[in-house]
Amino acid sequence: MFKSFELFTGQEIDPEIILNNLVAYRYTKVKKTSQEGEFARRGEILDIYPVNFDGPIRIDFDDDKIRAIASYNMVSGKSIWQHKAVIILPYKKRESRKTDVFSADIPLNNFVDIESGDYVVHSQHGIGRFLGVETLNVTNKNKDHFVIEYDGGDKLFVPKHDLRLIQKYVSFHKRPPRLYKLGSNEWKRVKAQIQKRLQRLAAEMLHIQAMRATLKGHAFSSNPEWEAEFQKGFPYEETEDQIKAMEAVDKDMSMETPMDRLLCGDVGYGKTEVAIRAAFKAVSDGKQVAVLVPTTILAEQHFYNFSKRMKHFPIRVAMLSRFRTRAEQLAIIKDTIEGHVDILIGTHRLLSKDIGFKDLGLIIIDEEQRFGVTAKERLKHMRLLADVLTLTATPIPRTLHMALTGAKDMSIISTPPQKRIPVKTEVIEFDEDLIQKAINRELRRKGQVFFLHNRVEDIQQIAKIIEKLNPKAKVAVGHGQMSAKQLERIMLDFLEGEVDVLVCTTIIGSGIDIPNANTLIVNRADHFGLSELHQLRGRVGRSTRKSYTYLIVPSARILSSVAKHRIDAIKKFSGLGAGFHIAFEDLQIRGAGNLLGQEQSGYIASVGFDLYCRLLKESVEQLKRKNEDKLHARN
């Protein structure tokens, strides 16, 4: 029998009952919660780190009434976002799949933040519209019920103890879903049809995994002394998620089966260091490494970071991009083929037929979804030759991660670096005084500024305005239409602190990591998508300093409703780890599209994202059990 207990704001419950439940669910009482399965109480505040959550929650009591429920940052203690309800599952170490608390009737996304008017999915009755909460008299007791309206106006009253059966409807499509008729068999038919298709998808994923297991790759050995010395060169403290990801990569690389691991994490959460350590391990064992990136600027950034981390070791890092002349490129290619280059970083140029390696051991791919079809075909071939580590900054919701566990090798970095402070986001109209103050404040603390203006035609005029407002500042312009040498020089000057304000286009959009740049000003922010704004904001706030993002937009009267919604959302979701909420808000959840392919988005629209993930996980679990049973029968 599945066990859980639900807590919601406004609920009257003796805190002792919650504490007793937590103990019965094998949660441990501690002074300060830091990992799953722990709780701490201080007066009217109860902190819980529930199973399958990305972080702890704080429950604020007013006597025996729950006043508020919020996720909070473990470092600062500040609230990240508020919740209306939460489902607590028992804490069980999942050594055996037989004891895994899971079925298609249990939401994986434990937060049930539903507003009146939202579309919801009831796992047994289908998609309806949530109308609110009504109190009904049941067996002479007043009890709260969720009210869901279905097609034709029929209403379903769901008691609060069945909260786990309801989940907010999220899909890739902006158009509203069709409502189901209460009591008809159509929902069962649609659900069964999708279950069937997902069994095929699960079988395909497990088949690919089994195929890879039969291939023989290189089992990398360790060099503990070198590796320990190299790790000391990392200037920050590793997060728990980073350590887990590094251990998983290390384990994968030490096995004969070729690694094919996907590493997901929000912008600035430390994926690059995981990749750098994997590259170091490969080179230490005499193998070469290819690092494939989607843009020239990102190639330059990685070249700078890898070179800086490797400088005390006899390792040669080289880069192929339009920043290199033809003669330089030919020399690098020749040296790579002869084995004189250990780590080669580059754009899709690395996939050209004239590129060869003497002994390729590891391929690191940054943001694979940004490469074209031809590049992906070539990558499929390269995957058979070496270990592969793919990085993506697309936030993967925990729900999807759980659904894919066991079908894909994935690591998630969902905890921000320690002492990281959320970026303060302000929405302003174009105001020269405000821009001047923002830049001067950053320069006074010896920091640097990005001023993003995404029109090459008048970018020089904008730079002149910045120079006039801040005469002492060293201002430079960077955009993709410049010559390779010119752009490389400007980017290096900015990296090394020779430039105070970089007036640029979206060339800085992904992967640029300059901890000293902590003010970003985006001109005409209303022209950008929500995920794009989140990526851009990720260029600042990469150190322990307070960071600022100013979004310049026209008067609210001129803004379209869609642009206004995006700007409001980016301001609202400015806490650490906001990428997950932004992905949902943007109704795209691009990570799911990239991981599963476009065909799946139709299935997601039919049953909602959360139920889709539950059905997929169930299919994977069932197939794995069948395969294990067959194996036992044979033996």
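Two strands pair if DSSP finds at least two bridges between them. Strands (E, at least two residues) and helices (H or I, at least four) are DSSP runs, numbered from the N terminus. The model on screen is predicted, so local features need pLDDT of at least 70 and side-chain atom pairs count only at pLDDT 80 or more, while totals for chains, interfaces and linings use all residues. Residues are numbered from 1 along each chain as its sequence is written, and side-chain values use heavy atoms, with hydrogens and water left out.

**Stop 1: β25**

Select residues 517-522. This is strand β25, and six of its six residues are buried. Buried means under 20% relative accessible area, exposed over 50%, and partly exposed in between (1.4 Å probe, protein chains only).

Five bridges join β22 to β25, and the two run parallel. Show Gln448: Ala517 in β25 stands opposite.

Pick Val522; the bridge partner in β26 is Leu551.

**Stop 2: Phe451**

Go back to β22 and select Phe451, which lies in this strand. Is Phe451 buried or exposed? Phe451 counts as buried because the relative accessibility is 0%.

**Stop 3: β14**

Select residues 260-265, strand β14. Five of its six residues are buried.

Which strands pair with β14? One is β19 (residues 387-392), parallel, over five bridges. Another is β20 (residues 409-413), also parallel, over five bridges.

**Stop 4: a charged patch**

Switch to the surface. Select Glu12, Asp14, Glu44, Asp62, Asp63 and Asp64, which gather in a patch of negative charge. Patches are made of residues with over 30% relative accessible area and no salt bridge; like charges are joined within 9 Å, and nonpolar side chains (Val, Leu, Ile, Met, Phe, Trp, Tyr) within 5 Å. A salt bridge is a side-chain nitrogen of Lys or Arg within 4 Å of a carboxyl oxygen of Asp or Glu.

Finish on Asp63. Asp63 sits in the loop between β5 (57-62) and β6 (65-72). Asp63 counts as exposed because its relative accessibility is 57%.

How values were computed. Accessible areas come from the Shrake-Rupley method with a 1.4 Å probe; for residues, only the protein chains shown count as cover. Lys and Arg count as positive and Asp and Glu as negative; His and the chain ends are not counted. The place of a charge is taken as NZ of Lys, CZ of Arg, CG of Asp or CD of Glu.
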